[in-house]
Amino acid sequence: METAEFEKLAREALKQLPEKILQQMDNIDLVVEESATNDQLAYSVVKEGKSLLGLYEGIPLTERDDYGMVLPDKISIFQDSIEAVCTTNEEIVREVRNTVIHEVAHHFGIDDQTLDNIGI
Ligand SMILES: [Zn+2]
């Protein structure tokens, strides 16, 4: 898939979130990258046998008591990694949407353990 098309998918996945969620999101960027860098892999906890499809880096809303003058939070969506686990375009669309939702949840301070429990 073309990068531009994939980026559009990612932006659309974000736009499809409920209005109330979107209104509360603050100081956050969404970027599409090919795959995770070593630094990003080190930062994240990836289960064995699973590849990193997306990553949230930043300060969750729940931890912003003393917040200001910092770089925006960043959600990375890794195109090559997502395409590697999908065979059809529909699967890619679904995987992008799931990944965006998962990373946005981190922005709201929900940890992987909790997301894992509810299957997101
Ligand atoms: Zn996560």
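Three protein donors surround the zinc ion: His 102 (NE2), His 106 (NE2) and Asp 112 (OD), lying 2.1 Å from the metal. The model is predicted, and the values reported here are computed from it. Along the chain, the donors of the zinc ion follow the spacing H-x3-H-x5-D. His 102 belongs to helix H5 (residues 89-107) and Asp 112 to helix H6 (residues 112-117), so the pair ties together parts that are 10 residues apart in sequence.

His 102 has a relative accessible area of 18%; because buried means under 20%, His 102 counts as buried. Asp 112, with a relative accessible area of 37%, is partly exposed.

Backbone angles were considered next. Most residues other than glycine have a negative phi. Asn 27 has a positive phi, near 55°, and is a residue other than glycine. Asn 27 is found in the loop between helix H2 (19-24) and strand S1 (28-33). The relative accessible area of Asn 27 is 28%, and the residue is partly exposed.

Met 69 is not a glycine either, yet its phi is positive, at about 50°. The loop that holds Met 69 runs between strand S2 (54-57) and strand S3 (73-78). Met 69 has a relative accessible area of 88%; because exposed means over 50%, Met 69 counts as exposed.

Definitions and conventions: Residues numbered from 1 in each chain as written. Predicted model: local features only at pLDDT ≥ 70, side-chain atom pairs only at ≥ 80, totals over all residues. Heavy atoms only, no water. Donors = N, O, S within 2.8 Å, 3.2 Å for Na, K, Ca; no water. Helix = DSSP H or I, 4+ residues; strand = E, 2+ residues; numbered from the N terminus. Buried < 20%, exposed > 50% of the residue type's maximum accessible area, 1.4 Å probe, protein only.
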